[in-house]
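Subject: Structure for you to look at

Hi,

Here is the structure I promised to pass on. Have a look at it first, and then read on for what turned up.

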Amino acid sequence: MDLVRSASLVPIKKKPRLVHVSSTLHRHEIKFEGIVLYLLERKMGTSRRNFLMELGRKRGFRIENELRDSVTHVVAENNSGDEVLEWLQTARRIQANTYQILDISWFTECMGAGHPIEIQRRHQLQVQEDFSAACNPPVSSSCVHLSPYACQRRTPLQDVNRIFTDAFDILAENFEFEINKSPLVAFRRASSVLKSLQSPIMSTKDLEGLPLIGVEMKYIIEEILEEGQCCRVLEVLNSERYKAFKAFTSIFGVGLKTAEKWFRMGLRTLEDIKYKKDLKLTTMQKHGLLYYDDIADYVSKMEAEAVEHLMKNIIYKFVPDAIVTITGGFRRGKELGHDVDLLITCPRKGVEREILHNTINVLKNQGQLLFYDIYESTFDDTKRPSRRVDALDHYQKSFLILKLAKKEVKAEKRRDDGWKRLEDLRDWKAVRVDLVITPHEQYAFALLGWTGSPQFERDLRRYATQEKKMMLDNHALFDKTKNVFLKARSEEDIFAHLGLDYVLPEERNA
Ligand code: DCT
Ligand code: MG
């Protein structure tokens with residue numbers, strides 16, 4: 001049975017309907033005729049599916065709620081091709097055997113591009129040989145000589161081994177919550193290695209020659225390959241401590257120490273925190289709770305760009321030659337993030353120092369600041385870069401909650417849901433923004449440091465120390481052999497000083 005169509009997009013068919021009425025009764029124009037998507041809820045979850053369907057419809061895709069015969073593309077997450085096939089058979093929809101069975105990565109890349117992208121083999125989920133004439137190619141043996149340092153690997157956003165890396169990331173996070181450093185580091189590194197692979201792991205044989213994948217990790221991968229899930233991960237997800245820490249640390253201003261304290265006090269949920277009367281909260285935490293729903297929601301790329309635009313408009317008025325750059329996940333090509341990280345500098349020496357307070361004042365006067373905290377620079381140029389891979393930098397910065405005006409007010413959105421009605425009338429969203437001010441001569445180091453991913457940064461610093469006898473942080477690079485600070489005007493200069501090939505921001509998703 002030929003379940004998978006040829007690798008090109010389906011032929012264009014003329015369809016009379018041009019408007020899609022989504023579950024939220026919102027009308028979206030259909031821009032891409034001939035493609036009809038269905039997102040499989042299994043393992044994706046209802047809320048994520050709804051969110052992605054809405055996102056897709058906004059981008060002009062036709063997405064069906066039900067698996068109709070008109071569907072051309074079935075998109076699944078964390079399911080193998082065989083699992084999708086089994087589901088299709090159970091749903092008795094197998095007669096419509098012309099579906100593309102695709103991984104969610106195809107969908108998210110389409111969202112990024114704003115249009116349907118060409119289907120590549122890596123997007124197609126594997127189905128048994130007798131069902132498919134066009135399976136993904138086997139794992140390439142090119143993965144055998146991978147470096148143990150993420151800064152010597154290229155890690156695109158697209159992670160074809162998410163089923164394994166999600167498991168490792170959850171276990172690593174749990175070790176972080178348990179303050180158990182050694183397995184935390186091991187699992188983070190192992191996850192990062194898998195994220196750089198170009199093909200999905202189909203058997204434990206594919207792990208041969210990979211660095212940093214220990215016996216314990218192999219066992220977990222084997223279990224997932226056989227069972228589709230890992231018991232240890234399920235246990236963690238259900239554990240009281242993990243759930244409580246996850247909830248607590250999702251509040252802006254709450255770190256591991258506070259989470260630990262609250263857990264010891266017997267508190268477990270967000271509600272426990274909200275309704276505990278004598279609980280002392282910092283102003284940051286109070287605001288974190290006040291705008292919790294908005295902040296816990298993802299920031300979209302469009303919203304991040306709106307923040308960038310707003311900040312540039314303000315900053316350019318008093319420093320026209322300021323340089324304002326989006327860093328963090330958005331610079332690495334992510335479509336969604338938890339905050340907007342902006343790096344600000346000025347080529348004229350010292351002028352950058354006037355930017356932060358002026359910007360904050362304008363935002364305050366415009367009524368756009370829901371919360372802010374200013375940290376003045378503590379940089380000392382006589383000191384060498386920090387030895388710690390997770391050391392915080394010393395730049396002047398502000399962590400703020402911005403009141404971002406929604407571009408279009410969608411009053412009719414979710415009008416069937418009375419509880420949400422009030423929220424729908426609100427024409428703004430609370431967005432977390434980090435503003436970081438850097439002197440121009442340190443800008444390249446700050447840009448490299450703030451672009452991340454955090455694991456890429458850790459490995460860069462580890463590489464500098466262990467392989468080059470150098471010390472790197474967000475401010476400088478020091479060569480211990482020559483006893484000199486190495487200057488850099490660009491990220492490329494820093495990679496060159498370290499003897500590394502340049503890695504594009506989009507390839508730093510380690
Ligand atoms: N960083 C840093 N010093 C800090 C905080 C962050 O050097 N005090 C670096 C690490 C990654 C980068 O800046 C951005 O940090 P995050 O916003 O936490 O990560 P992200 O990759 O942007 O993730 P997200 O998309 O969830 O915001
Ligand atoms: Mg970020």
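Let me start with the ligand. Its shell, sorted by class, holds three nonpolar, seven polar and four charged residues around ligand 1. (Ala, Val, Leu, Ile, Met, Phe, Trp, Tyr, Cys and Pro count as nonpolar, Asp, Glu, Lys and Arg as charged, and the others, Gly among them, as polar.)

Before going further, some ground rules. This is a predicted model, in which local features need pLDDT of at least 70 and side-chain atom pairs count only at pLDDT 80 or more, while totals for chains, interfaces and linings use all residues. Residues are numbered from 1 along each chain as its sequence is written, chains are lettered from A and ligands numbered from 1 in the order in which they are written, and side-chain values use heavy atoms, with hydrogens and water left out.

Back to the site: 14 residues surround ligand 1, and the closest are G329, R332, K334, H338 and D339. A residue belongs here if one of its heavy atoms lies within 4 Å of the ligand.

A backbone N or O atom of G329 lies 2.7 Å from a ligand 1 oxygen. R332 places a polar side-chain atom 2.9 Å from an oxygen of ligand 1, and a side-chain N or O atom of D341 is 2.9 Å from a ligand 1 oxygen. On its own, ligand 1 exposes 560 Å², of which the protein buries 78%; these areas come from the Shrake-Rupley method with a 1.4 Å probe. Two elements, α14 (328-331) and α17 (443-451), each give two or more residues to the shell. Helices here are DSSP runs (H or I, at least four residues), as are strands (E, at least two), numbered from the N terminus.

Next, the backbone. G452 and S453 are joined by a cis peptide bond, with omega about -5 degrees. S453 sits in the loop between α17 and α18 (454-468). K43 is not a glycine, yet has a positive phi of about 70 degrees; K43 lies in the loop between β3 (36-39) and α1 (46-58).

Finally, helix packing. α4 (residues 162-177) and α5 (residues 181-195) pack at about 160 degrees, with axes 8 Å apart. Angles run from 0 to 180 degrees between N-to-C directions, and axes are lines fitted to C-alpha atoms over the stretch in contact. The pair is therefore roughly antiparallel, a label for angles over 145 degrees.

Best wishes

Note on methods:
A polar contact is a pair of N or O atoms within 3.5 Å; within protein, one must be able to donate a hydrogen and the other to accept it, and residues adjacent in sequence count only if both atoms are side-chain atoms. Angles under 35 degrees count as roughly parallel, over 145 as roughly antiparallel, 65 to 115 as roughly perpendicular and the rest as oblique.
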